[in-house]
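These are my notebook entries on a single protein chain. I went through the structure topic by topic and wrote down what I looked up.

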Amino acid sequence: MPTGDRFEWFCETVSSELMPVTLSTKHATDFAAEISDLALGPVRVSRFDFTPVWSRRTAAHVRRGDPEQYQLAWVTAGAFRISQCGKESVVSKDLVLTNTSRPMENCGVSDDGRVQAVVLQIPRAAMPLRSGRLDRLLAQRIPAGRGTAAVLTDFLSTLLDHGPQCGPEELHRMGTITLDLAAACLAQQAGAMTEAPAEARAQMMLQRITAFIEHNLSDPDLTPQAVADRHNISLRTLYGLFREQPFTVAASIRRRRLERCRADLTNRDLSSQPVQAIAARWGFSSASAFTRAFRDAYGITPTEHRTNEIHRDAGNVEKSCTVRTPPRVAQP
């Protein structure tokens, strides 16, 4: 938009899409902003990148329009100085919760002139936690680098990057997962994990287990029992977590190991290493078991796969190095 119209556009967009507020800035003449938005069924997530502004929401603003939401903001660049219900915090690289039904003030601060934030809009009616507990978290910094908050922020980042390519049904399912993760994060901060919905706790545990498997594929003793023991759950509970997944626990471990082996077998830097050495690196202690599993998964043996890829690469190199001479045109 024309430079002179940008701040007015930003004010109108925030007031209509988020909630009525009064905005001001010292940079109205060179203001810049970018907003992306993703509807996820029960929730909505938006990414804001803007020149620092000061925002004030009064009781009059609340009466004029209230979406009746909790808004969980993840400040990814710059900082928010935010106050609500008599509490004030400066938040940078972390999360902060606000309630649209209460007056608040917010000031963006940035050394390089840009503030970035991801805002998750959660209808209060959809939040499975009691408002009394959540209100104690308002305008308080929630560390985003550990625990469920880290899981949530990683999920939001991936969601914003790839969500636009998903269909409506997929986005609705992602919205349910987002709500569960947000509820689990806030419940942990409020000391109320027992109130977090079962789906949220299960999703958190599944993500922890998936990460654990990914980081321990090279361990030949990585079995479903070892995974269950490491997370202090029973085998029955572990199998239940994977009931809706495409593969069982054991099949997931085997599949990820095979994928790592398959990639290494085509890595030129590892071409001198025996097939069994690569298999052992990723937890296969038996050469025959590895060959059988690889053939079942891909239809050929590991050695055949490596040979085919080597020949394919050699063919590509030969083609790229071949210079074709144009046909000679007969002179009259």
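Predicted model: local features only at pLDDT ≥ 70, side-chain atom pairs only at ≥ 80, totals over all residues.

Entry 1: I looked up the strand order of the open sheet and found five strands in the order 1-4-9-6-7, with antiparallel pairing. Strand 1 (22-24) and strand 7 (87-91) are the edge strands, each pairing on one side only. I also recorded how far neighbouring strands of this sheet are turned against each other: the average is 10 degrees, direction ignored.

I then followed the pairings across the sheet. Strand 1 and strand 4 run antiparallel and are joined by three bridges; here Thr 22 has Arg 56 of strand 4 as its bridge partner. Strand 4 pairs in turn with strand 9 (residues 104-109), in the antiparallel sense and over four bridges. On that side, Arg 56 has Glu 105 of strand 9 as its bridge partner. At the other end of the order, strand 6 (residues 79-84) and strand 7 form an antiparallel pair over five bridges, and I noted Val 91 in strand 7 as the bridge partner of Phe 80.

**Entry 2: faces of strand 4.** Which side chains of strand 4 are buried? In a regular strand, side chains alternate between the two faces of the sheet. In strand 4 (residues 54-57), Ser 55 and Arg 57 point to one face and are buried.

**Entry 3: a hairpin.** I looked up the pairing of strand 2 (residues 33-40) with strand 3 (residues 43-50) and found it antiparallel, over eight bridges. Within this pair, Ile 35 stands opposite Phe 48 of strand 3. The hairpin has two residues between its strands, and Gly 41 takes a positive phi near 70 degrees there.

**Entry 4: cysteines.** How many disulfides does a search of the whole structure find? The search returned zero. I checked two cysteines individually against the 2.5 Å cut-off for a pair of sulfur atoms. For Cys 11, the closest cysteine sulfur is that of Cys 107, and because the distance is 14 Å, it is too far for a bond. For Cys 85, the closest cysteine sulfur belongs to Cys 185, and at 19 Å that one is also too far for a bond. I recorded their accessibility as well: Cys 11 is buried, at 18% relative accessible area, whereas Cys 85 is partly exposed, at 40%.

**Entry 5: Pro 143.** I located Pro 143 in the loop between strand 11 (141-142) and helix 4 (147-162). Is this proline buried or exposed? Pro 143 is buried, because its relative accessible area is 16%, under the 20% cut-off. I also took the distance from Pro 143 to Arg 260, which lies 117 residues away along the chain; their C-alpha atoms are separated by 34 Å.

**Entry 6: the largest pocket.** I looked up the volume of the largest pocket, which is about 350 Å³. The pocket is lined by 13 residues, and those closest to its centre are Thr 210, Phe 242, Gln 245, Ser 252 and Arg 256. Which helices each supply at least two residues of the lining? They are helix 6 (198-215) and helix 9 (249-265). Helix 6 gives the largest share, six residues. By class, I recorded five nonpolar, five polar and three charged residues in the lining.

How values were computed. Residues numbered from 1 in each chain as written. Heavy atoms only, no water. Buried < 20%, exposed > 50% of the residue type's maximum accessible area, 1.4 Å probe, protein only. 1 Å grid on protein atoms, 1.4 Å probe; cavity = no way out; pocket = protein on both sides within 12 Å on 5 of 7 lines; lining within 4 Å. Points joined across faces, edges and corners; volume = space filled by probe spheres on them. Nonpolar A, V, L, I, M, F, W, Y, C, P; charged D, E, K, R; others polar. Pairing = 2+ DSSP bridges. Axes fitted to C-alpha atoms, helices over the stretch in contact; angles between N-to-C directions.
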